[in-house]
Amino acid sequence: MRALKFTLVICTAAGFWQPLSWTSLFKHIVYKSYAMFLNSSLLVFAMSQFMNILLNVDNSDDLTDSLYMMLTVFVAGYKQICIWIDHKNITEMINILNEKPFRPFESQEVTIRKKFDKMIQDNTMRYLILVMVTVIAILVSSIWMDFTKGNLTYMAWVPFDYSGSIAFTLVFTHQMIGMAASGLVNVACESLVCGFLLQICCQFEILEHRLTKITQGQDVLRDCIHHHNLVFEYASTLNNMFTKIIAVQFAVSMLVVCSNLYRIAMAEDYASFIPLICYTNCMLAQIFIYCWFGNEVKLKSLHLTNNIYEMNWPVLNNNNKRSLLILMKRAMIPIEFSSAYIITMNLDSFVAVLKLSYSTFNLLRQTHE
């Protein structure tokens with residue numbers, strides 16, 4: 001039973017997870033070329049918008065028009081590079097889930113793993129649908145409002161004359177590819193991180209099931225304590241691995257949300273209003289996913305204490321009771337994921353990001369007025 005199977009399919013499409021079966025030199029070259037095409041499309045798109053901000057932007061309206069997509073595309077390229085660099089470590093973390101003591105050993109534990117695998121797949125599919133709907137909305141509105149009028153959807157600095165029909169079509173197509181690729185990369189990265197978070201929740205549920213065997217006379221307490229310690233180590237390793245991605249995502253999402261709120265307030269027609277609403281929902285979903293599942297890991301790690309408390313203590317011997325008390329004391333310290341060790345990934349942080357984004361939006365609106 002391979003963990004995160006569906007999520008890795010999305011990662012393969014996003015260009016940073018080569019299929020294990022693609023071992024031949026030809027397939028290796030094909031996939032690397034595909035990954036380089038996606039990454040170069042993202043970075044060139046982001047750079048053209050950055051140069052436009054430096055050279056052409058002189059007011060808040062143009063700044064918000066250029067900033068929101070530039071940041072999103074840049075972060076997508078950044079995520080893709082980070083995961084490529086950590087590819088070996090991520091592979092090891094996935095393989096650990098299929099090794100003792102993380103691997104399910106009996107039918108009930110397999111059922112628990114399947115339940116969480118289904119949850120991961122459903123959440124990934126919902127987020128993918130949300131992003132694809134947004135991409136289609138932006139693409140349709142761009143062709144209708146911009147392409148037919150000879151305008152680029154996103155303000156950008158291009159180092160050549162693109163007034164000709166062929167050149168304009170190529171630049172416009174490049175922007176649409178960059179926009180769509182950034183959405184796919186973001187879906188893959190967020191799904192990968194949150195898939196790992198749900199796998200940690202799965203391990204706590206498996207651990208709770210194994211602890212019930214102690215009251216049935218089975219000598220598994222030592223293995224359960226070892227399992228509990230490994231889950232904490234596993235979570236710490238994951239947090240260290242993805243903290244650089246999560247920190248940048250939190251900062252960028254806050255800026256993009258407040259920028260989009262400003263643009264929504266300034267929108268004059270539904271054709272531009274609807275894509276902005278969809279895009280803002282995607283950015284909010286990015287942060288909400290991290291915070292929600294980070295909060296779930298915290299609650300699941302704390303729930304172990306209640307589970308131990310509710311066990312049938314009178315049938316246990318003194319040694320087991322002492323060991324369980326130590327395990328309860330350890331479990332009272334929850335697993336908490338953080339971005340750059342500053343912002344904790346929980347629902348309170350999500351609310352704080354919304355408040356800060358809205359405050360920044362008010363500042364931009366007052367400046368405009």
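Where do D122 and K118 lie, and how many residues apart are they? Point 3 takes up this pair.

1. Basis of the note. This is a predicted model, in which local features need pLDDT of at least 70 and side-chain atom pairs count only at pLDDT 80 or more, while totals for chains, interfaces and linings use all residues. Residues are numbered from 1 along each chain as its sequence is written, and side-chain values use heavy atoms, with hydrogens and water left out.

2. Salt bridge between D86 and K244. The structure holds eight salt bridges, a salt bridge being a side-chain nitrogen of Lys or Arg within 4 Å of a carboxyl oxygen of Asp or Glu. One of these joins D86 to K244, with the closest N and O atoms 3.0 Å apart. D86 belongs to the loop between α3 (60-85) and α4, and K244 to helix α7 (residues 221-266), so the bridge ties together parts 158 residues apart in sequence. Helices here are DSSP runs (H or I, at least four residues), numbered from the N terminus. D86 is buried, with a relative accessible area of 11%, whereas K244, at 34%, is partly exposed.

3. D122 and K118 both lie in helix α5 (residues 107-145), four residues apart, which is about one turn of the helix. Their closest N and O atoms are 2.9 Å apart in a salt bridge. D122 is partly exposed, with a relative accessible area of 25%, and K118 is likewise partly exposed, at 47%.

4. Salt bridge between K300 and E205. The side chains of these two residues meet at 3.0 Å, N to O. The pair links distant parts of the chain, K300 being in helix α8 (residues 270-309) and E205 in helix α6 (residues 165-211), 95 residues apart. E205 counts as buried, at 16% relative accessibility. Together with K115, the residues E205 and K300 are linked in a network of salt bridges.

5. Cysteines. A search of the whole structure finds zero disulfides, a disulfide being a pair of cysteine sulfur atoms within 2.5 Å. For C11, the nearest cysteine sulfur is that of C189, 7.9 Å away. For C291, the nearest cysteine sulfur is that of C194, at 9.6 Å. C11 is buried at 0% relative accessibility, and C291 is also buried at 0%.

6. Helix α4. The buried residues of helix α4 (residues 87-96) are I90, T91, M93 and I94. They cover an arc of only 160° around the axis, which puts them on the same side of α4; the arc is that of the directions from the helix axis to the C-beta atoms.

7. Nonpolar surface. M47, F50, L54, L55 and W157 make a nonpolar surface patch of about 500 Å². Such patches consist of residues with over 30% relative accessible area and no salt bridge, with nonpolar side chains (Val, Leu, Ile, Met, Phe, Trp, Tyr) joined within 5 Å; accessible areas come from the Shrake-Rupley method with a 1.4 Å probe. L54 is found in helix α2 (residues 25-55) and is exposed, with a relative accessible area of 55%.

8. Surroundings of L139. L139 is found in helix α5 and is partly exposed, at 33% relative accessible area. Not counting residues up to four places away in sequence, L139 touches M176 and M179, contact meaning heavy atoms within 4.5 Å. The C-alpha atoms of L139 and P275 are separated by 9.0 Å, although the two residues are 136 residues apart along the chain.

Terms used. Buried < 20%, exposed > 50% of the residue type's maximum accessible area, 1.4 Å probe, protein only. Helix = DSSP H or I, 4+ residues; strand = E, 2+ residues; numbered from the N terminus. Patch = residues over 30% accessible without salt bridge, like charges linked within 9 Å, V, L, I, M, F, W, Y side chains within 5 Å.
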